[in-house]
Amino acid sequence: MAKFEKASSIGEWLDQRIAVETLKKVMQTEYWIPKDINFLWAMGMVLAATFGILIVSGIFLLMYYQPHVDHAFDSVNYLIMTEVGYGWLWRHIHGVGASLVFLIIYIHMFTGIYYGSYKRGRELIWISGMLLFVLFSAEAFSGYMLPWGQMSYWAGMVITNLFSGGSLEAYGLVEWIRGDYVPAQAFLTRFFMLHVFLMPLMIIGAIVFHFGTLRIPHVNNQEGEDFDYAEAAELYKAGKVKESKVIPFSPVFLSKDVFVMGVYFVLFFYLVFYNFSFAMDPVNFDPANGLSTPAHIYPEWYFLWSYEILRPFSKDIGLILFAISQVIFFTLPFLDRSPNVAPASRRGLFKYWFWILLVDCLILTFMGKLPPTDPTFASIGLVSAVIFFALWIALPIITKLEKKL
Amino acid sequence: MNKELKIFAVVAAFTIALYWGVEPFAHSQMHAHVDGNGLVYDGKADIAYTSKDKVKAKKAFWADVKTIAALKGDVTAGEAGFATCTGCHMDGAANMGGVTPPILDHAGALYDKNYLIALIKDPAMAMNTDHKFTGTRTHPMGSIKAMMTDNQQIADVVAYIKAKKAGEVTPKEAYVESCGRCHANRYGNSTQLGETPKFKYKKDELAYQIKVLEEQDLIKAYMGKIPPDLSIIYRARSHHFLETFIENPQSQLHGTAMPRVGLSENGMHKVMAYLEETGDPSKPARDALGPWVLLFFVIFTILAYLWKNSLWRDLH
């Protein structure tokens, strides 16, 4: 066993046992971040903070929520909204947070795509990030079932039906997922479990993994510049902070994160108090009713782009393309054949690829919510979905042609 | 710094476009926009959207209503005529033909003058539910057509109601009297029989529940289904939808069994206030707390900015 001497302070006592000084260096003061970055580099911490808020507000809601088909709706809409002190606040924070977390995830993702932060050495950062996207999607969907309103019920019906596999007609699988022929008590209880236990647990694990993948390849910077971190760190430690290309995570990088978070929280709480209906669909304020299908069934905004990929095609083709769209982003580091790590603006055809992809996803999102009965919107949706796949097919070709910087 | 602002502008522009597309634009495409008639009950929409064979009858009916509205009503004479109404419209009235007649204590404050005239003249036409009463089916209040045929008498009775039954009315009373006989509101602790009392003994409570179920069965037989509970309808539909729907249910839900209620501006205001109270009870608390939370985060952001600047000043 190591030698232990009488410590003169709590800090020293802890340091002898769990090396807090070393931990502090490794995780904070000597965790080096490139200096040439902009506010988009704060999105990771903004996401972590939002996830924290979702956990805390979720714990408060969990103390009053009742996962029973007869009581769930009223426990959310009456008990929590009326009888629980500040229950309405926690609910609005949870609802708005669940929506905003996806906005930030998308900004975070497209930042990574724009600056090429998924290239050689950083593939696992991208893949673990995409894994988090999938887990957050499952978390969002399972949470959406819990208020047991009309949209909960019918979204649950539609999404679980997808598992029948179109012409495969695997209704046995659908029943197994639902635990019943239709969404009912068994369905609600299992999605409750997924939402409050299994999914958050997996998300926390994936976040730790995501942070871990950053450590060795380091965070990318605005110009995609590759430099010697050890050398830059020595410069910084020697007091030549102007010449050094790095800054420590804490407190320098963190101070900017906290400022960006402040701006974000102003927006966040403005939405919580004054404009929350975008995150809490009116249809879901009608209690679940298996005998009355709403006129329009649509997912929350963050799933609309992939929903629109499902819709314009025939049943089987739509399902296959939908499934591909769910995983295609995972393959980005391998489909991009260019060795250049640089912002898209300096990467020839990739520049256009990036902006077309972004606008195309936006148009798919718009069309995903509109009634498919309108032929104009349906055609726009179809064209956008085709463009989406054309982009991914074109990606290896245009990046292969790209000149080396 | 300049570059960061540019990047921020791009991110903000895409975010705003995204919001516009999935919220205002999508909703404008999903729901047909219906304009109200400013709570003027002149049958304009009834005539415009009815079947061809009924246009003539509806036109004539609403023209008659206009004629009667122009007559000067005599409040004293109206009181005698009003006795005809109280035969059914009394406190503790029982269900008649599917629905319990409402008490008329605040009818003058809640309902529009022209609507009341139309209602006495022909209830089904006034409510725009005449499509329901074909063949041998008659409106539960239909007998009034035979009991009060004189135009002057109708004008007198309505003048009496508008003058003497127009006391101050609370939002809850407005809701109970104009909506509450068909629609329960469980968050407001009311059923079709009004506010649910407290019971000392379980058997009294069960007996009351049976009475509620029996009332609901009668309403179901009359309306086709139990009209929805309105506890949280305020969040399930927009304010505009509710107002135009109440003014003329056929405009938003063609063929519905829901009658037009004929609320006056005051009545509509009170009913909407009650629906907001049960459907969105946290609004006063939100309005009170919101500015303070925002102020906190604005100060937080300013301090964070100063901290960041103090640390980054010497870096470049």
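Which domains does the domain assignment of chain A give? The assignment, which is automatic or taken from a database, gives domain 1 (1–29), domain 2 (31–297) and domain 3 (305–405) in chain A. The structure is a predicted model, in which local features need pLDDT of at least 70 and side-chain atom pairs count only at pLDDT 80 or more, while totals for chains, interfaces and linings use all residues. Residues are numbered from 1 along each chain as its sequence is written, chains are lettered from A and ligands numbered from 1 in the order in which they are written, and side-chain values use heavy atoms, with hydrogens and water left out.

Within chain A, the centres of domain 1 and domain 2, taken over C-alpha atoms, are separated by 35 Å. Five residues from domain 1 of chain A and six residues from domain 2 of chain A take part in the contact, where contact means heavy atoms within 4.5 Å. About 400 Å² is buried between domain 1 and domain 2 of chain A, with 38% of it on carbon and sulfur atoms; buried area here is the accessible area (1.4 Å probe) that two parts lose on being put together, summed over both. On the side of domain 1 of chain A, the residues that lose the most area to domain 2 are Val26(A), Gln28(A) and Thr29(A), which together account for 83% of what that side buries. Between these two domains of chain A there are five residue pairs in polar contact, both residues being at pLDDT 80 or more. A polar contact is a pair of N or O atoms within 3.5 Å; within protein, one must be able to donate a hydrogen and the other to accept it, and residues adjacent in sequence count only if both atoms are side-chain atoms. The count of salt bridges between domain 1 and domain 2 of chain A is zero, a salt bridge being a side-chain nitrogen of Lys or Arg within 4 Å of a carboxyl oxygen of Asp or Glu.

Between the two chains, the contact takes 50 residues from chain B and 63 residues from chain A, and about 5,200 Å² is buried between them, 74% of it on carbon and sulfur atoms. Side chains of opposite charge can pair when their charged atoms come close. Across the interface of chain B and chain A, five salt bridges are found, and the side chains of Lys256(A) and Glu4(B) meet in a salt bridge at 2.6 Å, N to O. The side of chain B that touches chain A draws at least two residues from each of helix 1 (2–30), helix 12 (233–236) and helix 16 (283–312) of chain B, and its largest share, 20 residues, comes from helix 1 of chain B. Helices (H or I, at least four residues) and strands (E, at least two) are DSSP runs, numbered from the N terminus.

Over all chains, a search of the whole structure finds 23 salt bridges. Arg186(B) and Asp74(A) also meet through their side chains in a salt bridge, at 2.8 Å, N to O. Arg186(B) lies in the loop between helix 10 (171–178) and strand 1 (190–191) of chain B, whereas Asp74(A) lies in helix 4 of chain A, so the pair joins two chains.

Most residues other than glycine have a negative phi, and most peptide bonds are trans. A cis peptide bond, with omega about 5°, joins Ser250(A) and Pro251(A), and Pro251(A) is placed in helix 11 (residues 249–274) of chain A. Tyr86(A), a residue other than glycine, has a positive phi near 60°, and Tyr86(A) is found in the loop between helix 4 (72–83) and helix 5 of chain A.
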